[in-house]
Every structure is written in structure tokens, then in C-alpha cells.
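I opened my notebook to jot down what I could look up in this one. Here are my entries, in the order I made them.

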Amino acid sequence: MSPEPDRSPPRVTIHYLRPPDHRQTFRQPIIHESPEVIVTFSRAISVSSPMELGGEVVLETGSDIVWFTFPGLWHDIGRFHSARGTFTGFYANLLTPVEMLPGNIWRTTDLFLDVWMKPGHAPRLLDEEELQDALDADALEARTARRAREEAEGILERASAGAWPPPVVHEWTRERALDVLNNFGGPG
């Protein structure tokens, strides 16, 4: 009898730098891949403290995140959920365009700014003071910070006009991601 074929989804290893020298590595299953977007899934994450915005917990230990990486863009997008699975909002993480290397190895650098949009509410720019602190500490080049601000402004404008996030982010819900993982035969 031959062994059961590997039915796990492909995985990506993400090397993430937050200047000046905080490095993290994430491993996530790839649940969808096209030339325009790669969708990955962070299952039951662990965080040191809950992320609160406007007095509400939007991310906590046990939360799931559906991530959208767009080759060449200066941000990715996360669909955030509570530990109970409730969708809490859209999160744009400003970063350098992801360098996609052979073997599903990615590298990127955090650019401090983030955009948050709770369903039915206006988008909010987050962490401007962190970007300024990085500039003051010479942890980030001024032109890179300018590019991050331009990207954030573009996201805010598109979101205010109802044109952000893109349709693919609405199509790939947590439930759809879980269905894909279950079709692979496990939690990923």
C-alpha cells in the first residue's frame, strides 16, 4: 500500500523586518494564488496583548486573519476577525513591496503606517507617530517614509470613495479560507 499523498496546502515563509532590527518569521498556508494576488491565512494567532481601536478589540489571541499580498504594491491587506470568528475590519499594513524568492520565501520591511477600516465606517490612518519616531531615529530613509505616506493617502482616498479594499478582499472571507483548508484535509 502506498503512503497517503501530502494534502497540505503550499506554505510561504515570510521574513518581516520592522526597522531598525526587529525581525519576525511567519509561516502561512497559501490558499489562493494568481498573478494579481496571493491569499494566505493566519489561523488562531497569538498576540502579547489585544489590539484595540475605538475602544473595541479588533484582534486578539485566537483570531484568524486572511492576508492579501499584491505583488509590487507597498501594502498588504488583512481581513481581521475576533477569536470567536467575527469579522472586525480591514487592515492595510504599509510595507516595502514583497520580495518573492524561490521556495516560497518572502522578504519585506514594515513601514510603520497602517490603515484601518471597520465595516460601515470611515478609514483611519494609524501609527503616524511610529513612522516619525523611526525617521527621527534614522531607522528609515526619508524617501521611503514619503512613499509610505503616499501609499497610505491613496488607500484613504480610495476607501473614502468606496473603491478600497479591492473586490478580491471581499470575495475571500474567513469561511471561504477555512473551506479551502478543510479541502486540503486539515487546518493548514
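**Rings, strands and a pocket**

I began with charges over rings, and found the charged end of R176 sitting over the ring of W172, 3.7 Å from its centre. I noted a second case too: the charged end of R79 lies over the ring of F87, 4.3 Å from the ring centre. A reminder to myself: this is a predicted model.

Next I looked at how β1 and β2 go together. They pair in the antiparallel sense, over eight bridges. I also wrote down that β1 and β2 form a hairpin, with three residues between them. Which residue in β2 stands opposite Y16? I looked it up, and Q24 is the one.

Then I moved on to β3, which covers residues 38–42. Three bridges join β3 to β2, and the two strands run antiparallel. One bridge I checked has E33 partnered with I38 in β3. β2 and β3 form a hairpin as well, with four residues between them.

**Entry: aromatic pairs**

How many aromatic pairs are there? The count comes to five. One of them that I looked at is Y16 with F26, an edge-to-face pair at 6.0 Å centre to centre, with 75 degrees between the planes. This pair links distant parts of the chain: Y16 is in strand β1 (residues 11–18) and F26 is in strand β2 (residues 22–33), ten residues apart.

Y16 counts as buried because its relative accessibility is 14%, and the cut-off for buried is under 20%. F26 comes out at 32% relative accessibility, so F26 counts as partly exposed.

I then turned to W67 and F80, which form an edge-to-face aromatic pair, 6.0 Å centre to centre and 80 degrees between the planes. Here too the pair links distant parts of the chain, with W67 in strand β6 (residues 65–69) and F80 in strand β7 (residues 75–81), 13 residues apart. I found that W67 and F80 are both buried. I wanted to know which residues they cluster with, and wrote down one aromatic cluster formed by W67, F80, Y91 and W116.

**Entry: the largest pocket**

The largest pocket holds about 1,000 Å³ of space. It is lined by 40 residues, and the closest to its centre are Q24, F26, L59, I65 and W67.

Which elements give two or more residues to the lining of the largest pocket? My list reads β1, β2, β3, β6, β7, β8 (87–95) and β10 (105–117). β2 gives the most to this lining, with six residues. I also sorted the lining residues by kind: 20 are nonpolar, twelve are polar and eight are charged.

**Entry: a glycine in a loop**

Last, I looked up G85, which is found in the loop between β7 and β8. G85 has a relative accessible area of 12%, so I put it down as buried. I also checked how far G85 is from I65. They are 20 residues apart in sequence, and 9.7 Å apart in space from C-alpha to C-alpha.

Definitions and conventions:
Residues numbered from 1 in each chain as written. Predicted model: local features only at pLDDT ≥ 70, side-chain atom pairs only at ≥ 80, totals over all residues. Heavy atoms only, no water. Phe/Tyr/Trp six-rings, centres within 6.5 Å; stacked < 30°, edge-to-face > 60°. Buried < 20%, exposed > 50% of the residue type's maximum accessible area, 1.4 Å probe, protein only. Lys NZ or Arg CZ within 6 Å of the ring centre and 35° of its normal. Pairing = 2+ DSSP bridges. 1 Å grid on protein atoms, 1.4 Å probe; cavity = no way out; pocket = protein on both sides within 12 Å on 5 of 7 lines; lining within 4 Å. Points joined across faces, edges and corners; volume = space filled by probe spheres on them. Nonpolar A, V, L, I, M, F, W, Y, C, P; charged D, E, K, R; others polar.
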